[in-house]
Amino acid sequence: MPSFNKVANDEEIYHKGRKEQAYDQWGEAISKKDAATMTEGQLSSQHGTIKVDQDLLDLGREVFYKETFGNEVFLTDILGILDGPVSVWNITKASLALKGQGTNNLQITLAETVKIGDETFEKGSTIDTGLAVPKGAVMPLGMPLTVDNGRVKAGITCAACHARVDERSGKIVEGATNTNLNVGLLMALASNSAAYFTHTEKKNIEEFVQASSPKIKTSDNKTARLPDIENLEQEVDKILMSWPRGFFDATVDLESNPTQVGDSFTFGDHPYSWSGMGMAGPFNGLTTLSNNVHAQGADALAQSAISKEMFEMDEEIYIGTILQNAANEKFRYDPSSHDKPSTFFDRVDPNPGTPGVNELVKLPTFPRVTLAAPDGLIVSSPGYKANEQNNAVSAYQNTLVPPKPDRAVSDAVIKQGRGVFKRAGCASCHAGRFKTNNKIIPSIYIGTSSSRAKALAATENIWDKASIYAPNTPVPIPKETIRLQIPSNNFSKKDVELGFAHHGSDGGYKVKGLAGVYWQAPYLHDGGVAVGPDEDKDIGIPGTLNKGINADPYTSMKAMVNESLRMKVIEANQSSEELRNLDINGEGHSYWVDEKRGFTSEEQHALIEYVLQIDGEKK
């Protein structure tokens, strides 16, 4: 966890927290002034009230940088993230070779030749990991190492994806998307990447079942075969290799439709996630989103109890598929043992009594899912309160203000851009201080593919009314404890329908706040609006990320408002079969501010510069 002199964000804002808030009550901010007029009973945990003080913020920052919730077990022992050509040794060697200079893209030299999917990586060649190593550091951000029984394990924290190194200053930008992080490649290089099959395009896993595939007993004691692990591994690797840098598929819908990793400039930007699914509970649903990353995205075993309803797959087949080629022999399931996969897993589970290996707690409704947790679980470490770490990191993220871009732009241009923003109608959706009206818009109106908006549609099969443990509930959860119903004051039934694509809906996309958008390029829900420094040739993801060229904030934002440039971006994206398969094209949000609509190039320039300067602070 870096000292503040190594961080580009404003330290003063963090230490003061947000002056507007002293407590959070189901997303309602209670100021110190208002709290002084309330009774202790009204501010108690039994009312869902969370005190936002410096202790909570300090815990949140620590969670952001250090807390894995035990995901090193899944990533290292099961997925095998360090058992392929990427090892602790070559990560350390590459970091030391920087001689303290830092980087936003750690390049690793391979010690052996390896074929992944259809691509061969030669011994001695270098790969772009996108791991950020701060100036003066010896290991990447958000990748803590531990040693267990002589085995080195790597985990992932929030900082790996939601912080980056500013290449000009060498400082860490907390909350900015690490747009270089090559998650797909790193997972494809793992020895058991098939364990991540639910995040890839595998609607019918039966096609990988062969006559020679191993047999197991299913939940109803029938005989079935596991998929052939080598063929499944090869197919998953191909899909993971196709993910652009800075993208991750956080949903388990058996479709590979990754989005660009979101930023953590969250204050006022509710509901959360692309679809707005994070709408209920503490901090206007931010805690739900923060939890989902660790409870669902970093532990595929966590969904085993709902695999039938979500994937039409028997629980035993599901667990057996993930564990039959686990990197660590301790977690490797042997079908010839005649044990059911669940029986085997129960013996080795580091967190007994829950379906995953992370530090998980079952909610009162488990295994049914709710607005509080789309997989029925929350991550909470023993010794803390239920959801305390998630609430803390939510409060911490809400203090983050993006650093000002290092751009030479006059006050006159910013003033002109603000006027264009209003005249062009941008403020009708991107309204107020945070440049969002906090609404979810049906995907058909946005004009973007509904693929990502519908990713949680299957949760309707096991949906329940949201209840959660009181914030002062200790972990492990006592048998007798208070359960609270989450109120729906801040969202409607229509919001739930759109956020989760229930009742036959195609789902929707939340109106994104614009704070820190400078640090977020490429743009749009599918991350497809990418243009490099040269807008005449660095077009679309094929002309930028796939060539190792970063998307430029200015030219990419220009493609958001200039129809002619956007059409070139869409054409470039659609020329790639891989991007078509990933449903990444850059279409939608067709709100143009260009000469065809009566705006001069000077006005368009001013608008772009104004938007890139937005930081969400009061003006």
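The side chains of Asp506 and Lys454 meet in a salt bridge at 3.9 Å, N to O, a salt bridge being a side-chain nitrogen of Lys or Arg within 4 Å of a carboxyl oxygen of Asp or Glu. The pair links distant parts of the chain, with Asp506 in the loop between helix 16 (493-500) and strand 21 and Lys454 in the loop between helix 15 (443-446) and strand 19, 52 residues apart; helices (H or I, at least four residues) and strands (E, at least two) are DSSP runs, numbered from the N terminus. Asp506 is partly exposed, with a relative accessible area of 42%, and Lys454, at 35%, also counts as partly exposed. Here buried means under 20% relative accessible area, exposed over 50%, and partly exposed in between, computed with a 1.4 Å probe on protein chains only.

This is a predicted model, in which local features need pLDDT of at least 70 and side-chain atom pairs count only at pLDDT 80 or more, whereas totals for chains, interfaces and linings use all residues. Residues are numbered from 1 along each chain as its sequence is written, and side-chain values use heavy atoms, with hydrogens and water left out.

**Salt bridges**

By this rule the count comes to 22 salt bridges.

| Pair | Distance, N to O |
|---|---|
| Asp506 and Lys454 | 3.9 Å |
| Lys510 and Asp269 | 3.6 Å |
| Lys153 and Asp77 | 2.7 Å |

The side chains of Lys153 and Asp77 meet in a salt bridge; Lys153 lies in strand 9 and Asp77 in helix 4 (residues 72-78), so the pair ties together parts that are 76 residues apart in sequence. Both Lys153 and Asp77 are buried, and the two residues belong to a network of salt bridges that also links Asp83, Asp148 and Arg151.

A salt bridge also joins the side chains of Lys510 and Asp269. This pair links distant parts of the chain, Lys510 in strand 21 and Asp269 in the loop between strand 15 (259-260) and helix 9, 241 residues apart, and both residues are buried.

**A buried aspartate without a salt bridge**

Asp299, placed in the loop between helix 9 (286-297) and helix 10 (307-311), is buried yet has no salt bridge, and the nearest side chain of opposite charge, that of Lys362, is 13 Å away; for charge, Lys and Arg count as positive and Asp and Glu as negative, while His and the chain ends are not counted. A polar atom of the Asp299 side chain lies 2.7 Å from the backbone nitrogen of Val357, and the backbone nitrogen of Asn358 lies 3.0 Å from a polar atom of that side chain. Not counting residues up to four places away in sequence, Asp299 touches Phe74, His294, Gly356, Val357, Asn358 and Leu360, where contact means heavy atoms within 4.5 Å.

**Strands and an enclosed helix**

Strand 8 (residues 145-148) and strand 9 (residues 151-154) pair in the antiparallel sense over four bridges, two strands being taken as paired if DSSP finds at least two bridges between them. Leu145 stands opposite Ala154 in strand 9. The two strands form a hairpin with two residues between them, and Asn149 in the turn has a positive phi of about 55°.

Three other strands form an open sheet in the order 2-1-3 with antiparallel pairing, and strand 2 and strand 3 (49-51) are the edge strands, each pairing on one side only. Three bridges join strand 1 to strand 2, with Asp24 opposite Ala29 in strand 2.

Nine of the 10 residues of helix 13 (residues 388-397) are buried, so this helix is largely enclosed by the rest of the structure. The buried residues include Gln389, Val393 and Tyr396.

**Backbone exceptions**

Most residues other than glycine have a negative phi, and most peptide bonds are trans. Trp26, although not a glycine, has a positive phi of about 55°; Trp26 is found in the loop between strand 1 (23-25) and strand 2 (28-30) and is buried, with a relative accessible area of 13%. Asn438 likewise has a positive phi, of about 60°, and lies in the loop between helix 14 (411-423) and strand 18 (440-442), where Asn438 is partly exposed at 28% relative accessible area.

A cis peptide bond with omega about 0° joins Val475 and Pro476, the latter in the loop between strand 19 (467-469) and strand 20 (483-485). The peptide bond from Ala521 to Pro522 is also cis, with omega near 10°, and Pro522 is found in the loop between strand 21 (508-510) and helix 17 (553-561).

Key: A polar contact is a pair of N or O atoms within 3.5 Å; within protein, one must be able to donate a hydrogen and the other to accept it, and residues adjacent in sequence count only if both atoms are side-chain atoms.
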